[in-house]
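I opened this notebook to record what I looked up in the structure shown below. The entries follow the order in which I consulted the model.

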Amino acid sequence: MNKLIDRFGRVHDYLRISVTDRCNLRCVYCMPAEGMEFEPSENILRYEEIAEVVAAVAKMGVRKLRLTGGEPLVRKEIETLIAMLSGIPGIEDIALTTNAIFLAQKAEALKEAGVTRVNISLDSLKSERFAYITRGGSLKRVMDGLEAALRVGFAPVKLNVVLMQGQNDDEIEDFIRLSLDKPLQIRFIEYMPIGHNDEGWRAKYLSLDTVFEKVKQMGYTYEPAGDIYGNGPADNYRIPGAMGTFGLIHPVSDHFCGNCNRLRLTADGNIKPCLYWDDEWNVRPRIGDEKAIQDMFLRAIDAKPENHEMAQALASEKQSHTPTSRRMSQIGG
Ligand code: SAM
Ligand code: SF4
């Protein structure tokens, strides 16, 4: 069977699956406070359908999966899906991105079902601020989830921190300190203009050079932390002697599209070859016919653009395609 290789020679072995567009939080950079329209449940891929798509693409070289959302842990008995996926020949790694609100109660079942690693999204270590950014989330529940993730032995446990000017950039030091005595990989992420037509994004966007400046101001030295499994596009560093690491994901200021190995599947069954553009191919009508599913993926991969143009968006320059109108919660990050 053909491998998933695009026009630029990039080999795709990684599928990110958004299992739901719903979420128990409403993070300010991801969803509006009100008025979000969700897909009716009959449009959402059932677990058997997701497993069928994964089985088809595993034969095309997909090895790694990441379940995301919306919030994947709000989908009923997600561990049933994970167990199905981990039994598919060729699938070697199943990761999860979560806001961790339900992680303390779910960690063990997820591990048993086959999740190997988790990314936890956490943008503030201050309770009130966390509640403000997430529009109501409980920091304590996330921290309990984080402890549970370390306890059951997910490796690595990563923290995703979206940096926003004037909102949490004064906490860079606190997050870095967390990497000193916990085996966490802190990943600072640039705020991306996904589904945002407003100017709010530009005003809050912060380039990640700031992180290095802060570490130096703290008086620490740092060294490259080497190649960490599952690290994707993060550059990783370690303060000598620290248990954990910190990394930077800078899609806007310096994109890493040249090494992109990922495809995305939305909860309603659309293949997205790039998170930024609106091009999508709906695989749902093909389910039941493995070859038709594979052909759809080949069509999507063949049309994958060379890169996203978030830097052009920052500079308000003309773009070559139409940016997606989906919110990040409908794509999965
Ligand atoms: N609900 C889960 C969570 O928050 O981890 C999974 C879905 S969420 C859409 C996936 C990731 O996208 C999270 O780490 C979140 O912080 C990130 N994200 C959402 N909107 C973003 C934006 N505009 N820019 C950068 N990252 C964003
Ligand atoms: Fe929900 Fe994750 Fe989006 Fe926050 S970032 S609103 S937790 S989907």
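**Entry 1. Terms and conventions.** I took a polar contact to be a pair of N or O atoms within 3.5 Å; within protein, one atom must be able to donate a hydrogen and the other to accept it, and residues adjacent in sequence count only if both atoms are side-chain atoms. I noted that this is a predicted model, in which local features need pLDDT of at least 70 and side-chain atom pairs count only at pLDDT 80 or more, while totals for chains, interfaces and linings use all residues. Residues are numbered from 1 along each chain as its sequence is written, chains are lettered from A and ligands numbered from 1 in the order in which they are written, and side-chain values use heavy atoms, with hydrogens and water left out.

**Entry 2. Ligand 1.** An oxygen atom of ligand 1 lies 3.3 Å from a polar backbone atom of Thr98. A nitrogen atom of ligand 1 is 2.8 Å from a polar backbone atom of Met192, and a nitrogen atom of ligand 1 is 3.0 Å from a backbone N or O atom of Gly70. I then listed the surroundings, counting a residue as near if one of its heavy atoms lies within 4 Å of the molecule. Ligand 1 is surrounded by 18 residues, the closest being Tyr29, Gly70, Glu71, Ser121 and Met192.

**Entry 3. Ligand 2.** I recorded Cys23, Leu25, Arg26, Cys27, Tyr29, Cys30, Gly70 and Asn99 around ligand 2. This shell divides into 5 nonpolar, 2 polar and 1 charged. In that count, Ala, Val, Leu, Ile, Met, Phe, Trp, Tyr, Cys and Pro are nonpolar, Asp, Glu, Lys and Arg are charged, and the others, Gly among them, are polar.

**Entry 4. The sheet.** I used helices (H or I, at least four residues) and strands (E, at least two) as DSSP runs, numbered from the N terminus. Two strands pair if DSSP finds at least two bridges between them. I found 12 strands in an open sheet of mixed pairing, in the order β7-β8-β9-β6-β5-β4-β3-β2-β1-β10-β11-β12. β7 (223–224) and β12 (281–282) stand at the edges with a single partner strand each, so one side of each has no neighbour in the sheet.

Entry 5. Which annotation covers Arg66? An unreviewed UniProt entry places the feature "binding site" at Arg16, Arg66, Thr97, Lys158, Arg262, Leu263 and Arg264; positions are in the numbering used here, feature names are shortened, and annotations may be inferred rather than shown by experiment. I located Arg66 in strand β2 (residues 64–68). Its relative accessible area is 3%, so Arg66 is buried. Buried means under 20% relative accessible area, exposed over 50%, and partly exposed in between (1.4 Å probe, protein chains only).

The side chain of Arg66 makes a polar contact with that of Tyr14 at 3.0 Å. Leaving out residues up to four places away in sequence, Arg66 touches Tyr14, Leu15, Arg16, Ile17, Ala95, Leu96, Thr97, Arg117 and Asn119, where contact means heavy atoms within 4.5 Å. In β2, Lys64, Arg66 and Thr68 on one side and Leu65 and Leu67 on the other are all buried. Strand β1 (residues 14–18) pairs with β2 in the parallel sense over 5 bridges, and Ile17 has Leu67 as its bridge partner.

I also looked up Arg262, which is in strand β10 (residues 262–265) and is buried at 14% relative accessible area.

**Entry 6. Strand β9 and its neighbours.** 5 bridges join β9 (residues 245–249) to strand β6 (residues 184–190) in parallel; Ile189 is partnered by Ile249, and Gln185 stands opposite Thr245. β8 pairs with β9 in the antiparallel sense over 3 bridges, with Asn236 partnered by Gly247. The hairpin of β8 and β9 has 6 residues between the strands, and Gly241 takes a positive phi near 90° there. In β9, 5 of 5 residues are buried.

**Entry 7. Helix α8.** I listed Thr210, Val211, Phe212 and Val215 as the buried residues of helix α8 (residues 209–217). These pack against β5 (157–163), α6 (172–181), β6, β8 (235–238) and β9. Gly219, with a positive phi near 85°, follows α8.
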